[in-house]
Amino acid sequence: SFETYLARERRRSWNTVMAYVRDVADLLEFAGGEDVADARQLDVLVIRRYLALLHRRKLDPASIGRRISAFRSFFGIVARMYPTYDDPMEAIRSPKKARKLPRVLSVDDVFAVLDGGDEDDDPLAARDHAILEVLYGAGLRVSEVGDLDDRSVERADGAVTLRVHGKGDKDRVVPLGRKAQSALDAWLAVRPSIVDADGGAGNGKERPLFVRRGGPRISVRTVQRLVERRSRGVLPRHASPHALRHSCATHLLDGGADLRSIQELLGHARQGTTQRYTH
């Protein structure tokens, strides 16, 4: 019931659903060791002992805060199923999160990462360059890049946009600049040489935009390794795909873009998230 509630009613991403389910399962396993046989018997003292255990494990406040959010959702379901149930989470406070500022690369550092690949005829080199240009040029999350399909690319009057499926099951349309367009077109021109006869679509499914040899969709880890590898050779320490996203927003702000436009581009639900980039 909890999993269904998160996926269908709250429309959480699958990664969030799985994380919340794991968090609650871990709490219930701990409670079993405390001789609690029913979730309705799990009181605030047991939850506090569990949170103390997390502190002893030195989990950071953000991780503990996420678990508390999962517990609030779970015990909210229990309370809805049993109206006389006394929700223990009403007495639990979330820890204060340390306000971390995003790591931002300079424009020169970004160009060093984007242009630092091997200049060869391998189609995967063209793919990697297109991935990096789209990551930075459109300010996408790493998971959003992997989820792009051919139909995500929309062309009209010489302009190219991407229809992106983001957090909260929400779609947004983001523009691509000339460099990203050029890199994407170069990749699409050589992609047929590394995919199977069905073009990687198979079984009537939509064809992924970025693929591995043979046609399977690239993974998030593939993109992470790409950014780490390309940045390690040109920067003092390697960067992440999210650093490119942060840098995109910061460079737009430096160039005169307004905060509301950047918020829409990045797909932030709250402007407060976008305001972090003003720092």
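Trainee: Which residues does Asp87 touch, not counting residues up to four places away in sequence?

Mentor: Asp87 touches Phe75 and Gly76, where contact means heavy atoms within 4.5 Å. Please keep in mind that this is a predicted model: local features need pLDDT of at least 70, side-chain atom pairs count only at pLDDT 80 or more, and totals for chains, interfaces and linings use all residues. Residues are numbered from 1 along each chain as its sequence is written, and side-chain values use heavy atoms, with hydrogens and water left out.

Trainee: What makes the pairing of Asp87 with Met89 a polar contact?

Mentor: The backbone nitrogen of Met89 lies 2.9 Å from a polar atom of the Asp87 side chain. A polar contact is a pair of N or O atoms within 3.5 Å; within protein, one must be able to donate a hydrogen and the other to accept it, and residues adjacent in sequence count only if both atoms are side-chain atoms. Since 2.9 Å falls inside that limit, the pair qualifies.

Trainee: Why does Thr250 count as buried?

Mentor: Buried means under 20% relative accessible area, exposed over 50%, and partly exposed in between (1.4 Å probe, protein chains only). Thr250, in helix 10, has 12% relative accessibility and therefore counts as buried.

Trainee: What makes Asp23 and Arg67 a salt bridge?

Mentor: Their closest N and O atoms are 3.7 Å apart, so the pair passes the salt-bridge cut-off. Asp23 is in helix 2 (residues 14–33) and Arg67 in helix 4, so this pair ties together parts that are 44 residues apart in sequence. With 3% relative accessibility Asp23 counts as buried, and with 15% Arg67 does too. Both belong to a network of salt bridges that links Asp23, Asp26, Arg66 and Arg67.

Trainee: How many salt bridges does the structure hold, and how far apart are the N and O atoms of Arg217 and Asp149?

Mentor: The structure holds 20 salt bridges. In the one between Arg217 and Asp149, the closest N and O atoms are 2.6 Å apart. Arg217 is in the loop between helix 8 and helix 9, and Asp149 in the loop between helix 7 and strand 1 (153–156), 68 residues away. Arg217 is partly exposed because its relative accessible area is 29%, while Asp149, at 10%, is buried. Arg207 and Asp150 also meet in a salt bridge, at 2.7 Å from N to O.

Trainee: Why is a set of 41 residues called a nonpolar core?

Mentor: A nonpolar core is a set of buried Ala, Val, Leu, Ile, Met, Phe, Trp, Tyr and Cys residues joined through side-chain atoms within 4.5 Å. The largest one has 41 residues, and those with the most contacts inside it include Ile131, Leu140 and Phe210. Helix 6 gives the most to this core, with eight residues.

Trainee: How do you know that helix 6 has close to the expected span, and what makes it mostly covered?

Mentor: The expected span is 1.5 Å times one less than the number of residues. Helix 6 has 16 residues and reaches 22 Å from its first C-alpha to its last, close to the 22 Å expected. Twelve of the 16 residues are buried, among them Arg127, Asp128 and Glu133.

Trainee: What sets Asp35 apart in its phi, and is Asp35 buried or exposed?

Mentor: Asp35 has a positive phi of about 65° although it is not a glycine. Most residues other than glycine have a negative phi. Asp35 is in the loop between helix 2 and helix 3 (44–56), and its 74% relative accessibility makes it exposed.

Notes. Helix = DSSP H or I, 4+ residues; strand = E, 2+ residues; numbered from the N terminus. Salt bridge = Lys/Arg side-chain N within 4 Å of Asp/Glu carboxyl O.
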